Amino acid sequence: MAYDAIREEELKNKVAKDFFNAFDCTKIMGNLDFCVTLPTATKAPNALFETESFFWAEAKKGKAEITKSMVQLILTVGKARTFDTYLPPAFLGAFDAEKIAFMPYNDIQALFYQNDFNWNVTPSNPDTKEFKQIYHTIVQNMEDNALVYFFETDAADLRQFIKNNFRAGQSATSKIQIDKNNFIVIYNKWLASVKPSIALNWDLAQKKGIINGDFYLADLLSQENQTLKDKLFVLLQKSKYELDRNLDETGFFSQKTASFNDKQKAHSQFWNKYERPPKPEYWDYIVQRRDLLVPQDVRERKGSFFTPQIWVELSQRYLTDVLGDDWQDAYFIWDCAAGTGNLLTGLVNKYRIYASTLDRQDVDVIKDRIKNGANLLENHVFQFDFLNDDFDKLPKSLKDIINDPEKRKKLVIYINPPYAEHGSRTTIAAHGEHKTSVSTTSKVYNNFSKDVGTAMRELFVQFFVRIYKDIPDAKLASFSTLKFVNSQNFLKFRQYFKAEYKKGFICKANTFDNVNGNFPIGFLIWDLNHKQDVVKVEVDVTLNDDQLKTSWKVGVKTFYSFGAKDFISGWLRQFYDNKNDKIGYLILPGVDMQQQNGVYITSKPTESDIKQHKTAGITKINLIEMSIYLSIRQCIESTWINNRDQFLYPNKSWQSDTEFQNDCLTYTLFSNNIQSKYGTNHWIPFTEMEVHPREAFESHFMTDFIKGKIKKEAPRDIFDAPPTSKKEPLAFSEEAQAVFAAGKHLWQYYHHQPNTNANASLYDIREYFQGRNDTGKMKVKSEDETYMKYIKYLREQLHVLETKLQPKVYEYGFLKA
């Protein structure tokens, strides 16, 4: 919302409209640029001559030094003694095209009553002695106390400040309150405003386990720039931060400090807008949620993701169902990826609970929580790198349990481990590069990657593998994705991991902090003492209500394990044709449901798709099979529940179902991304006589194929005999015919328009009517109402055809219910 390249009068009008529209900004008071007063309708009946002002300001077009603008305002007010004629405002200030600043009037008013000051100078002249005198007087005060808001980034905070402070009769400045609901939002603003002013090598600090959020917490939980809460890893001490406090080898207390590189200017200006500290009842919550302040890449690597309390409680109920009502007295519990320990909330027997975490700061947080009532033992909470450290570093009591075969059977590894993975083909395609040093540098990865394969890229798998290898008879109760059960990339893992599945549930992934995506997170309980193949996993499907803090079961979902030859890629590969001319290309991402939007037919694949072997050429030989593949991949909507379902090598029943095949061809003809600008369009499903183009089509391939004029030479399956050489026109179902009829109306309407392309594809027709936005993306709708009617009707008929195809997908084994 910056106001670049506009004149000063327009700037004042826009600022008044955008931020002060609830007030009167039209009043002219002396030579002031800008005044904000109570609107007439809200003034008291007896206020005949007095107008209460909230804000007097100097306005500058473009970008200006805010302190110099404030000096000009002070000289303007002092020269005219405006305060003798009008009631002084709550705030003086200044704004330009970029920002606006506020200073309480009572912080400035003493300047107007100083002795022997010459006010009879030109306020806008910065070269006068008086201008310089005022500047040097207020510059430090401005840096320390001015409230500065940038229109582009601070609009919401600015409006909140105005709402809180521009009230009749209010004298004290009201700052924005910080609570457990907004402390993350304010942290993100702090990162942009304050962090750059802290003189620290952040990369080195992060390697030492110090994060940005530690400095923010030191600021937030302070008063008059003095941190109030101990046990924080960083403390604010007036004009510097203290960190890494400890006793050295001689017994003396030592510490490291970090100061500011701008004399604390940005720090002061930022915190002038917010009330510190928050109410005491929020302190423990904010410190406990330090995990939310960990940078995203570190969170992925270390697993600093807070498990929602609703799923913590439900997981413990499932553990009770599996292990018995007295399980907490009969079993030992170790959370070896504990973070700040919230997964252990609600457990009762602290003498049988262990918690370890990678970060020393998280250990300190847990121990601080123990002092405030958390039901854990301090000497059972320890720093431990589960993927690298030897078990010799464990507390003796825990090591004794692990080393005792019988006690080990009574150990429950209860975790929500990190989920990050090293880059794959997908991450390259999406971001251009691998995630490096995320999960391929641990000792566990190096020791087991040959045995377990690409699954070891996943950090949670590394936890599973070490637990399986080094604590072989334990119970494993873990949150994770379900890909290790059914994904093609986890074949070697499933050959390695043998265990008895007991019980579990799935919930929406986006109910977890900062986890995006429409897929399931599962909580599954395994008995590692009983070695057996993982064939299938049946889980309860659960939903939740955030407001009521409850969850409930809505159904059951089965996840199946598959072998290398079970996936649909093996079926499609037998129909690849490298001999005949290509009429298009099928784009092939992964074989699970989540990637269905990446399956499409195009005239020209990208270089990336070609390099990654994600394309299959479409020819007269394999058109039907390619159409089947596209149709079955797209006709079923992806939901969070089926998101990880795998498409499979089908049974042979589809071969004799010509209606199904022709339905799939119909679906494909009206669901592709063919574009005529990349070459001859072979996908026009009508003749010239049906849709009346201005010129003859360049290709009649598709209508010839439909009429049976194109000979299909290859067999439909490598194990079957070729079809008969006799070719007949394709017969279409009523649903397919309805799609053709709806499409014909659209083609006819297009060819009645001016400047049309005779060889236009469906994609070209959509582009013609819908156009593109400023970013080059096709718009979602057109202003042509007739076109919108036709395209809507076509989509409705396609949806009917989709509904018909869906049960066939399961009947023929492309998906397993």
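This is a predicted model: local features need pLDDT of at least 70, side-chain atom pairs count only at pLDDT 80 or more; totals for chains, interfaces and linings use all residues.
Me: Why is M103 called buried?
Reply: The relative accessibility of M103 is 0%, and buried means under 20%, so M103 counts as buried. M103 lies in strand β4, residues 99–104, and, leaving aside its neighbours within four places in sequence, M103 is in contact with residues including M70, F91, I108 and M142.

Me: What makes the approach of the side chains of Q574 and Y649 a polar contact?
Reply: The two side chains are joined at 3.2 Å, and the cut-off for such a pair of N or O atoms is within 3.5 Å, so the term polar contact applies. The side chain of Q574 also reaches the backbone oxygen of W571, at 3.0 Å.

Me: How do you know that strand β11 pairs with strand β14?
Reply: Three bridges join β11 (residues 332–335) to β14 (residues 411–415), and pairing requires at least two, so the two strands count as paired. They run parallel, and W334 stands opposite I413 in β14.

Me: What makes β13 and β19 edge strands in the open sheet of nine strands?
Reply: The order of the sheet is β13-β12-β11-β14-β15-β17-β16-β18-β19, with mixed pairing, and β13 (381–383) and β19 (550–560) each pair on one side only. Neighbouring strands of this sheet are turned by 20° against each other on average, direction ignored.

Methods:
Residues are numbered from 1 along each chain as its sequence is written. Side-chain values use heavy atoms; hydrogens and water are left out. Helices (H or I, at least four residues) and strands (E, at least two) are DSSP runs, numbered from the N terminus. Buried means under 20% relative accessible area, exposed over 50%, partly exposed in between (1.4 Å probe, protein chains only). Contact means heavy atoms within 4.5 Å. A polar contact is a pair of N or O atoms within 3.5 Å; within protein, one must be able to donate a hydrogen and the other to accept it, and residues adjacent in sequence count only if both atoms are side-chain atoms. Axes are lines fitted to C-alpha atoms, for helices over the stretch in contact, and angles run from 0 to 180 degrees between N-to-C directions.
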